[in-house]
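Biologist: I would like a close look at a single part of this model, with the cut-offs stated.

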Amino acid sequence: MDGKFEEWLGEPLFPEFVGRTLGVVGADVITEYLKKRFAGLRGISDEIIQAILGFGSIKVLGKRHEFFIYFGQGILYELVARIIRERVVKAKKSEEPLAQEEGDLEELEKELTELEKEVGASKEPEAQKQAEELAEVEKELEKLEEEVGTSKASVDSYTSLEDYVAKKYKI
Amino acid sequence: MPAKIQVVELPLEITETSDIVTAKTTTANIESELFEIKVPRDAVYVFRENVDSVTVIPYTNEATPTQITEGQITIYLSDANKMTKWSLAKAPVTAFSEIQDKNKLYFWKKSWKATSDQYILVTLYSSKTASGSNSKLRITGIQVIRVPLIS
């Protein structure tokens with residue numbers, strides 16, 4: 001990551017998880033994830049999801065799984081809010097905004113306000129739940145890494161009986 | 001990348017009755033084999049310095065065997081074709097005759113290993129003829145065995 005994304009996004013909610021790879025996922029998985037995330041929220045269209053996907057996977061992070069991790073940390077709502085805000089700001093800067101666009105903007109601003117309210121209400125428990133889930137996954141990962149590490153040391157380190165004996169007994 | 005293997009280590013005690021031991025009859029006044037031990041396939045025997053010991057008690061090749069206390073015992077490691085031999089221990093017969101007292105056992109002076117198909121040869125040079133069938137043998141060590149990978 002080049003740092004611009006973090007600068008734009010602000011401080012992550014769970015900085016200890018940033019940069020941790022939980023697995024590579026494709027755009028379809030991310031889309032499903034986003035749709036599930038936004039299932040109960042109003043005003044989140046496919047267009048916005050596509051914007052997030054395009055933004056995250058192509059321009060900023062480059063790697064989809066890193067992008068996915070960001071969304072796994074409870075930042076999702078913030079990100080969506082900011083994307084909407086940027087769209088609004090960008091549209092306002094336009095010299096001759098069309099009436100239709102203004103209408104859209106108003107609607108978007110309303111959506112943003114609603115979203116922010118909902119996020120304010122639901123972010124903390126949701127984030128806590130996600131953090132707990134991630135902590136569990138982390139524990140499992142650590143356990144697996146430990147197991148893999150152990151077996152790796154005992155299996156990979158020698159290729160024959162003589163090699164084993166030479167390494168263990170120095171003869 | 002070389003294939004991976006899994007190994008298991010087990011205690012090793014070779015005696016005159018072990019399957020891998022062949023008892024022989026020696027010739028008087030000629031250094032000749034008393035026991036021949038062949039290391040099995042997919043195994044390496046490890047003998048640790050000052051930890052593992054060897055006991056050889058030769059008996060005469062007679063109807064009523066008597067213990068031989070005169071002469072010299074040499075233990076060799078040999079390749080599968082017995083073309084090359086390496087001397088591992090060489091001492092008077094009595095040096096190897098203790099079987100129980102840890103303070104008197106003959107411990108290996110240096111760690112060594114015997115790999116698959118190699119021979120461990122116990123030879124005797126004595127004025128008397130010894131019979132391996134009547135004699136006693138005890139060698140301790142560790143056997144490292146290759147086991148199939150379970151995937």
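Biologist: Leaving aside its neighbours within four places in sequence, which residues is B:V122 in contact with?

Modeller: This is a predicted model, in which local features need pLDDT of at least 70, side-chain atom pairs count only at pLDDT 80 or more, and totals for chains, interfaces and linings use all residues. Residues are numbered from 1 along each chain as its sequence is written, while chains are lettered from A and ligands numbered from 1 in the order in which they are written.

With those neighbours set aside, B:V122 is in contact with B:L34, B:F35, B:V56, B:I73, B:I75 and B:L137. Two residues are in contact if their C-beta atoms, placed from the backbone, lie within 7 Å.

B:V122 also belongs to the largest nonpolar core, which has 36 residues. Such a core is a set of buried Ala, Val, Leu, Ile, Met, Phe, Trp, Tyr and Cys residues joined through C-beta atoms within 7 Å. A residue is buried if 20 or more other C-beta atoms lie within 10 Å of its own, exposed if 12 or fewer, and partly exposed in between, with C-beta atoms placed from the backbone. The members that touch the most others are B:V56, B:I73, B:I75, B:I120, B:V122 and B:V144. The element that gives the most to this core is strand β10 (residues 119-125) of chain B, with five residues. Helices (H or I, at least four residues) and strands (E, at least two) are DSSP runs, numbered from the N terminus.

Now the strand pairing. β3(B) and β10(B) run antiparallel and are joined by six bridges; strands pair if DSSP finds at least two bridges between them. One such bridge links B:E36 to its partner in β10(B), B:L121. Strand β3 (residues 32-38) of chain B is also joined, by three bridges, to strand β2 (residues 21-23) of chain B, and these two run antiparallel as well. There B:A23 has B:F35 as its bridge partner, and B:F35 is one of the contacts of B:V122.

Among contacts in chain B between residues at least 6 apart in sequence, 77% join residues at least 24 apart.
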